[in-house]
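I opened a new notebook page for this one. Below is what I looked up, entry by entry.

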Amino acid sequence: MPCLRSTSLQCRLPALLVLFQAVLLVLFILFVTYDEHTDPAAPAGDPRDNPLYAIFPLFQDIQVMLLVGLGLLLAFLKRYGFSAIAYNFLLTNFATQWALLVQGFLHHFHQGRIHLGMTNVLAAEFAAVTVLISVGAVLGRTSPIQQLLLALLEVPAYAACDWIITAHVRIVDVGGTITLHVFACYFGLGVSAALYRPGLRTGHPKQGSSYQSDLLSLAGTMFLWVFWPSFVAVLAQPGDAQHRAVLHTFLTLSASALTSFAASSLLEKRGRLSMAHLQNATLAGGVAIGAVADLMITPAGAFLLGGVSSLVCVLGFQYLSPFLARRLRLQDQCGIHNLHGLPGIVGALAGIVAIASTPDEAYGHQLFPVFPPRAPPGWNGTLVGDLPLPARTASEQALFQAAGLGVAFGVSLLGGYLTGWVLRLPFLAQPPDDLCFDDEAYFKVPDGAGPAEWQPDADPGGCVPLKDCV
């Protein structure tokens, strides 16, 4: 039993990664080939029509978001910077590789092969994002073995839920507000509920942040803020719809930024700003806009959505998180419920209202490209005279949006809770309470490399004597 409870990774982590890579190599050899845009034997076409040129610049932006922005954002704990950034890098690659196969068999498998192209890689990175968000709920309380197993189980659950919502319920969610953010949030909270630790219910000495770690995390927020329009717009219909998605995302993010400063100063004592609010609530509009980014919500509507989602996020940090921790014993280390869950629900509700209240005439001949689920059977995208009658009315589509939100919430919460019980197995190198939130549990940390504690002075005005600054 002592061996099973050990936190050593010496055999377990290499064995898991080598086995995973070996199995994937065999599956790639047997089942993966090029798609028509990467195969030189395919019929020749205009090279300018290759989706690489449209997707790759936005894909690179998303790479920066995942590896730099999200990695730095998670590095807010004062003694967990190595782990936050390194595990983020590891999980991004692990989950992306796994999603290429899982989604390939589900969506791109024909003639006995998975046909691989840039669109597959992009979809796989969206699946990886769900893992990175979910891990935030148990950050510092799980081993890398547990996090890899979480990714192994969450990617198929995400792929299945996304398939149900998009192929059968057929919702419109170009930026992944429902299919990605809501799913990832409640999957992570389900895992956290199953991994509840009574010993941490009153906090942990290493659980806080430092001056340096908060600054690093805010830099991650800046990277995410800058590149978020690419994340939302990459899957939108090229042309006007994609243009609207970029414009709306910028407006919501900008409104979120100003609202975050205002709300944080209003709610904190003496009007001092909270770094947790600025690190998260400034991004809340980007989460909410995904469900309506390419819709005709008007610029004013985008502004309003950004402000509301940011305010909800700040209120969540200030009041809801302490309530959930106290009453429901829900430990949410990164506050993913406030950044992804609550704004995700706000965005989903905004989508329902926007779809039900906007007349079809506002979209003109873009109605079916923006709303593929409403296109009549057999419609192939060509226009001959007037548009045929939609297969669904706007009100019906709004009801399906609500149904999709319910499916995402239920599947993610149940799947996360069951996954959390699997992660309780004793041989997964879970850290004991005293080693949580500390890089030294799994990393070689240089002597004296731990961040210095920043002690605020007792002066209520926040002034520090000059001699203490030298």
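**Entry 1: helix α1**

A reminder to myself before anything else: this is a predicted model.

I began with Ile29, which sits in helix α1, residues 12–31. Is Ile29 buried or exposed? Its relative accessibility is 58%, so I put it down as exposed, the cut-off being over 50%. Ile29 also turned up in a nonpolar surface patch, together with Leu25, Val26 and Leu30. The four of them have about 390 Å² of accessible area together.

I remembered a rule for helices here: with 3.6 residues a turn, residues three or four places apart point the same way.

Next I looked at Phe28, which is in helix α1 as well. Phe28 has 27% relative accessibility, so I noted it as partly exposed. What does Phe28 touch, leaving aside neighbours within four places in sequence? I found Leu100 and Leu101. I also looked up the C-alpha atoms of Phe28 and Leu101: they are 8.2 Å apart, while the two residues are separated by 73 residues along the chain.

**Entry 2: the core**

Then I went for the largest nonpolar core, which has 123 residues. Which residues have the most contacts inside the core? My list reads Phe126, Val131, Trp228, Phe231, Val292, Leu295 and Phe371. The helix that gives the most to this core is α5, residues 144–169, with eleven residues.

Setting aside neighbours within four places in sequence, Val131 is in contact with Leu91, Ala95, Leu150, Ala151, Glu154 and Val155.

**Entry 3: helix α14**

Thr419 was next, and I found it in helix α14, which covers residues 394–422. Thr419 has a relative accessible area of 5%, so it counts as buried. Not counting residues up to four places away in sequence, Thr419 touches Leu150, Leu153, Phe187 and Val191. I had already written Leu150 down as a contact of Val131.

Ala402 is in helix α14 too. Ala402 is partly exposed, at 35% relative accessible area.

**Entry 4: the kink in α11**

Where is the kink in helix α11 centred? It is centred on Gly316, and the helix, residues 298–327, bends there by about 50 degrees. Gly316 is also one of the buried residues of α11. Others among them are Ala302, Leu305, Gly306, Gly307, Cys313, Val314, Phe317 and Leu324. I noted Ser309 and Ser310 as buried there too.

What covers these buried residues? The cover includes α8 (240–267), α9 (275–280), α10 (284–289) and α12 (336–357). Just after α11 I came to Arg329, which takes a positive phi of about 55 degrees.

**Entry 5: salt bridges**

I kept the charged pairs for the end. In general, side chains of opposite charge can pair when their charged atoms come close. How many salt bridges are there? The count comes to five.

I looked at Arg79 and Asp438, a salt bridge whose closest N and O atoms are 3.6 Å apart. Arg79 lies in the loop between α2 and α3 and Asp438 in the loop between α14 and α15, so the pair ties together parts that are 359 residues apart in sequence. Arg79 is partly exposed, with a relative accessible area of 24%. Asp438 is buried, with a relative accessible area of 5%.

Asp438 has another partner, Lys206, at 2.6 Å from N to O. Lys206 is in the loop between α6 and α7, so its pairing with Asp438 ties together parts 232 residues apart in sequence. I then saw that Arg79, Lys206, Asp438 and Glu440 are linked in a network of salt bridges.

My last pair was Asp360 and Arg374, at 2.9 Å from N to O. Is Arg374 buried or exposed? Arg374 is buried, with a relative accessible area of 2%, whereas Asp360 is partly exposed at 24%.

How values were computed
Residues numbered from 1 in each chain as written. Predicted model: local features only at pLDDT ≥ 70, side-chain atom pairs only at ≥ 80, totals over all residues. Heavy atoms only, no water. Patch = residues over 30% accessible without salt bridge, like charges linked within 9 Å, V, L, I, M, F, W, Y side chains within 5 Å. Areas by Shrake-Rupley, 256 points an atom, 1.4 Å probe, with all protein chains shown as cover. Salt bridge = Lys/Arg side-chain N within 4 Å of Asp/Glu carboxyl O. Helix = DSSP H or I, 4+ residues; strand = E, 2+ residues; numbered from the N terminus. Buried < 20%, exposed > 50% of the residue type's maximum accessible area, 1.4 Å probe, protein only. Contact = heavy atoms within 4.5 Å. Bend = angle between axes of the 7 residues up to and from the residue. Core = buried A, V, L, I, M, F, W, Y, C linked by side-chain atoms within 4.5 Å.
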